[in-house]
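Please read them with the structure open.

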Amino acid sequence: MQLQVQLANFLMDNLVQSRIVRDFAQQFMKPLHPHLIYHQFQQMHQVRDWQDLELRFLDHLQPTLAIYVDMKCHKAAALLEEASREQLYNQHYHWLLHGNVSAIDFYNFFAPFNISIDADVSYLKEEPEYTYSNSSVVYASFDVYSNGRIIGGQLNMTANYAMGCDLSGCERKRYLSTLHLRSKYRHREQLTDVVLRVATVVTQRPLSCPDDQLILFLSQENDTHIDSLARFGFHLTLILRDLLHCQMKFIFSDSWSKSDVVGGAVGAVVDQTADITATPSLATEGRLKYLSAIIETGFFRSVCIFRTPHNAGLRGDVFLQPFSPLVWYLFAGVLSLIGLLLWVTFYMECKRMTWRWRPLDYLPSLLSTFLISFGAACIQSSALIPRSNGGRLIYFALFLISFIMYNYYTSVVVSSLLSSPVKSKIRTMQQLAESQLTVGLEPLPFTKAYLNYSKRPDIQLFIKRKIESQSQSHDLWLPAEEGVLRVRDNPGYVYVFETSSGYAYVERFFTAQEICDLNEILFRPEQLFYTHLHRNSTYKELFRLRLLRVLETGVYRKQRSYWVHMKLHCVAQNFVITVGMEYVAPLLLMLIFGYILVVFILLLELAWHRYLTRNKRLTL
């Protein structure tokens, strides 16, 4: 009976140290399971078989369940073997295995079991030779785990501490190693005895190539625009390999997946033929049912670029933009009023004043004074100048307001003409689908998958009008280099590509001015890429901590800036902008139509004059 009290004290102390005792107490106060599993006892001799162990005996709603097994029971070995088959030696179960065999015998017994790196297994052994009193029992505790038996990991046993327990409680007598000085994953961070299976995507090399050639291609650091995302993820995986001191077997695929979770690199992790993906992938809703995104390791941005077509660049409105319509109407009214006042002034000078105050021998027409007012607005002088002070004040007011309006107008127009050239009004995928522009796409697996599975209405319209109409054309799917060159040489040609690789070709083939001239439409929403593990992977926490270390030290930022191009740099002040025909053409058209109108009016005047002359002759 005394040994049972001492063992109970040890178990309670162990649960306190494992932070399970809080859930242990709450389970009594507010049960979450009908069988109160935290204090459920199972007589092993009453169990015929241990099949469906987790479902029948270990069903629980807690993050961690403590399980004590007395290995002296004759059915304990069958229980532990079934737990191995059902992969229950993981972080969700706190196993306490109590036996009296030596550490070597326990190692030989437990070595074939499927135990994981995140396992929480302790072997307890009584040490009767260390007896401090008649009622005291010393328990030696060993930490037990494996780096992954199915991929070559061996069982590890590390002596932890010796605990002396009596009827009143337990006291830690001594530490058996330096294990207490390290955290759980600090102790288990070296995976020297395993070969991790890594799923890797390669899109720019045929999978028929030998593995050594594919690894050499992914390892190279030149031509960063070729398969940049896959090579970026591969280099991060090599850094992870160095941190874990493990070996890796790369499983190559030419796509991320055939559907959302089937096939490709993602499918390999889902069916657990691979432990981790080297190539970052999207964390979709369907994938997160089977995978866990442990850390952000990439950024996905797919765009459509094109130069503005020549026939879409006529911008006559630039000459009206400096003023609103109301200002234009008021300015025209002021000019008309001044033209009327000038005619009144000339009339008064010719009809009401003495001959010495008359500037002209005739009275200018109302049309002439309106022409003088309009010419002043265009900063043109006039040969007709009133002699009276009032008339000259009208002239002064006319030229002053014209000077102010002219300077403001010209400054706005010049700044508009010298700004970046005209941009297309096509800004969305909906507008692009409804346009007459020709489209080409980079033949990437995730672009094809997005076109097949996207439910967005604008993408469906884009497929119907741009993809299906060119399905038989060889120019629909073009390599990035050829597509970017077509954009440069053919204004109005649209090319869809992934920015991490395509921007390198744009920077190579486009001048600084041409880069600023480009129109850009987001092909799909910007999304983050993540490194994925299986949802039940035992390496989840270890890999997350190691990759966070890569992120914190700046290694990730350095690799990303080298491999991934996320934006184009437009430095407009480094070149001279010329005013193109898109601005000059409206003026030329205005001049041509003006001349046509003038000739038409002249012909009308000649015809009217001829008509009057003929009638006069007939009258005589």
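A cavity here is a set of grid points where a 1.4 Å probe fits but cannot get out, and lining residues have an atom within 4 Å of a point. Keep in mind that this is a predicted model.

1. Searching the whole structure gives two cavities of 30 Å³ or more. The largest cavity holds about 70 Å³ of space. For the second largest cavity, the volume is about 40 Å³.

2. Which residues line the second largest cavity? They are Leu-236, Ile-295, Glu-296, Thr-297, Leu-547, Val-550, Leu-551 and Tyr-556. Two elements, β11 (291–300) and α19 (540–552), each give two or more residues to this lining. By class, the lining has six nonpolar residues, one polar and one charged. The charged class includes Glu, and Glu-296 is in the list.

3. Now the largest cavity. Its lining includes Gly-233, Leu-236, Thr-237 and Leu-240. Ile-276, Thr-277, Ala-278 and Pro-280 are also among the lining residues. Thr-297, Thr-531 and Leu-547 line the largest cavity too.

4. Which element gives the most to the lining of the largest cavity? It is α8, with four residues. Both α8 (228–244) and β9 (276–277) supply at least two residues each. The lining divides into six nonpolar and five polar residues, with no charged ones.

5. Turn to the rings. The whole structure contains 21 aromatic pairs. One of them joins Phe-109 and Phe-113, edge-to-face, at 5.3 Å centre to centre and with 70° between the planes. The pair counts as edge-to-face because the planes are over 60 degrees apart.

6. Are Phe-109 and Phe-113 buried or partly exposed? Phe-109 is partly exposed, with a relative accessible area of 26%. Phe-113 is buried, at 7% relative accessibility. The cut-off for buried is under 20%.

7. Phe-109 and Phe-113 also belong to a cluster linked by ring pairs.

8. Finally, check two charge-over-ring contacts. The charged end of Arg-231 sits over the Phe-217 ring, 5.2 Å from its centre. The charged end of Lys-448 sits over the Trp-477 ring, 5.2 Å from its centre.

Note on methods
Residues numbered from 1 in each chain as written. Predicted model: local features only at pLDDT ≥ 70, side-chain atom pairs only at ≥ 80, totals over all residues. Heavy atoms only, no water. Phe/Tyr/Trp six-rings, centres within 6.5 Å; stacked < 30°, edge-to-face > 60°. Buried < 20%, exposed > 50% of the residue type's maximum accessible area, 1.4 Å probe, protein only. Lys NZ or Arg CZ within 6 Å of the ring centre and 35° of its normal. 1 Å grid on protein atoms, 1.4 Å probe; cavity = no way out; pocket = protein on both sides within 12 Å on 5 of 7 lines; lining within 4 Å. Points joined across faces, edges and corners; volume = space filled by probe spheres on them.
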